[in-house]
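My notes follow the order in which I checked them.

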Amino acid sequence: MDKIRNFCIIAHIDHGKSTIADRMMEITGTVSKREMHSQLLDSMELEQEKGITIKLAPVTMDWKGITLNLIDTPGHVDFSYEVSRSLQAVETAVLVVDATQGIQAQTLANVYLAIEQNLTIIPVINKVDLPAADVDAVAAQIINLLGCKRADIIEASGKTGKNVDKILDAVIERGPEPTAALGTESLRPFVTDDVPSASPVTTSTVFQNSDGFSSSTTRALIFDSYFDDYRGVVLYIRVFEGEIKKNAEILMMAAETKGLALEVGILTPKMSSRDALKAGEIGYIVTNLKTTREAKVGDTVTLAKLPAKKALPGYKNVLPFVYAGFFPVSNDQYKDLKEAIEKLSLSDSALRFEPENSPVLGFGLRIGFLGLLHMDIIRERLEREFGLDLIVTNPSTNYEVVMNNGETMEIKSAADLPDASEIREIREPWVKGEIILPKNMIGGVLNLINEKRGHQTNLSYIEERAVIDFEAPMANLLTDFYDQLKSATSGYASFNYELNGYRAEDLVRVDFLVGGHKMDALSVMAHRSEADGIGRTVTKKLKEVIPRQNYEVALQAAIGARIIARETIGAYRKDVTVKIHTGDRDRKAKLLQKQKRGKARMKRFGKIDIPSEAFTVMLKRD
């Protein structure tokens, strides 16, 4: 066990985690120069293009006779659950901070996660070779945050490889060797259940083995899982106790599903099979399972023949809280959309979906996501990998509705809201947020938080930067909050959030009518104080987007039967009097009257062409 070190790299998005991981693999000779390319662990095309890590990736390296197991984690707030599972699988965290940008919101969030897990934190300042690098100022921020010494901070450059070997040395010297998990069942001799403990002579005792772990049970943590088209579900695991051999029958404790370990091994970063994975090691299991829902992130793997009594701590059933309707432009593609989402959900256990039917858009799916970036990535993957042409409706969050009879139901879109007379109260999700920004920009950001019905809970300082803690309703941050924050701070602010429960508010459903027909796909939930403003804004936006017809079209926003805003799209008008060469007023009036009757008839039977941009009008409200 003293020859193994498990560590992960944590940082804010775009601070250079994957580049440092590349240099580590190069220095340790894990990957040959010929196979090396930038962002090697970011295997997805979207990851390479956007320059961000979407899925975590483990790799095993050898350095100075020690086996180093590295997990490269995502940096974005939408994937923080994945990061927390990765931190539970290791003992050391390498904290990377950009020398040009300093500590940002996700840096703080990940540090708090690492401290919660009692990890050894090794601070690293990256990009020290850049002309804009301010190493001393960033070092002062890290010392202020962690309470470490200046000598503990490693100054490195992932691009040039400067001091990356020192990071590896620090992981070996400062990082502890693997230990048993919190909540380990047997750190002392214990009595087995199958032998009655009538007397000391008949008691069967199982002692710890030489590694300090009980030899009786096997427990491993799943920190990631994905579906391979040819091999089935592949689990990335950290073994805490015992060992998992090839062809062993395994049991997932939370999901209560059994499977076979068809192959076990380590990642270098390619799969390299072994006979068994032992305590302290990080590797993979190829199973015979058909879906990742049977083996979720955070679950505990044990042996089916000798199952552990207690699961490893920290399992959470992660639920989406951003929902959007996905509809194919042509209804012929609905089957293709359903099959594509089913395939994606095999490797993304956080995706939830259910069929949805709209009178205007036809058949589609209502899909749940962890956040807006997660939604954007799934949309791009559907369009690129499966060649689908999609209409995506405005994202909304889920609400809890308490009925008059005391029953609580969850709704995922405004269209599902029951009749107002049956509702006692509506609860909406609130988030606890954290914004890090330069001191001189605090005023504008506090105004923005107030505009979103939020309120500041705390204000603190790290050197030249301010940290604003606030609470706000999730729905108000969904659409353009991040864009407005970047505008108000010239791009210098960073933002992190987490869900903070549900609160009862005075919420109403705002419906939008086009030519007198209610469009369920456009309906939104809003606070009563904001409903009028949203109604006026959206009707104006719809007027710009919906093309003119041969007859007048009314655009209305309504709460129940009360109209709160209206815009009118004027009709195309042909001059029918042009063929009259005399000034006869009666003939002109007769022709105009005939045209008016024709337009009224058209209005009754005419079908309004609503373009796909109309359904995303809320995304860019201003």
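**Ground rules.** I am working with a predicted model, in which local features need pLDDT of at least 70, side-chain atom pairs count only at pLDDT 80 or more, and totals for chains, interfaces and linings use all residues. Residues are numbered from 1 along each chain as its sequence is written, and side-chain values use heavy atoms, with hydrogens and water left out.

**Cysteines.** I searched the whole structure for disulfides (a pair of cysteine sulfur atoms within 2.5 Å) and found zero. I then looked up burial, where buried means under 20% relative accessible area, exposed over 50% and partly exposed in between, with a 1.4 Å probe and protein chains only. Cys-8 has a relative accessible area of 0% and is buried. Cys-148 also counts as buried, at 17%.

**Asn-69.** I placed Asn-69 in strand 3 (residues 66-72). Helices (H or I, at least four residues) and strands (E, at least two) are DSSP runs, numbered from the N terminus. Asn-69 is buried at 3% relative accessibility. I listed its contacts (heavy atoms within 4.5 Å), leaving out residues up to four places away in sequence; among them are Ile-4, Asn-6, Phe-7, Val-59, Glu-281 and Ile-282.

Two strands pair if DSSP finds at least two bridges between them.
Strand 18 (residues 322-328) and strand 20 (residues 362-369) run antiparallel and are joined by five bridges. Gly-325 has Arg-366 of strand 20 as its bridge partner.

**Strand 24.** How many residues of strand 24 are buried? I count twelve of 16 in strand 24 (residues 423-438), so the rest of the structure largely encloses it. Strand 24 runs antiparallel to strand 22 (residues 399-403), with four bridges; there Val-401 is partnered by Ile-426. Ten bridges pair strand 24 with strand 27 (residues 494-505) in the antiparallel sense, and Gly-433 stands opposite Tyr-497. Nine bridges join strand 24 to the antiparallel strand 26 (residues 465-473), where Val-467 is the bridge partner of Ile-436.

**Helix 12.** I checked the length of helix 12 (residues 528-545): at 1.5 Å a residue its 18 residues should span 26 Å, and the end C-alpha atoms are 26 Å apart, which agrees. The expected span is 1.5 Å times one less than the number of residues. Its buried residues include Ala-531, Ile-534, Val-538 and Leu-542. An α-helix has 3.6 residues a turn, so residues three or four places apart point the same way. Among the elements covering the buried residues of helix 12 are helix 9 (442-451), strand 28 (507-514) and strand 31 (553-559).

**Helices 1 and 6.** The axes of helix 1 (residues 17-27) and helix 6 (residues 164-174) come within 9 Å and cross at roughly 85°. I therefore log helix 1 as roughly perpendicular to helix 6 (65 to 115 degrees; under 35 is roughly parallel, over 145 roughly antiparallel, the rest oblique). Residues making the contact include Ile-20 and Met-24 of helix 1 and Val-164 and Leu-168 of helix 6.

Notes: Axes are lines fitted to C-alpha atoms, for helices over the stretch in contact, and angles run from 0 to 180 degrees between N-to-C directions.
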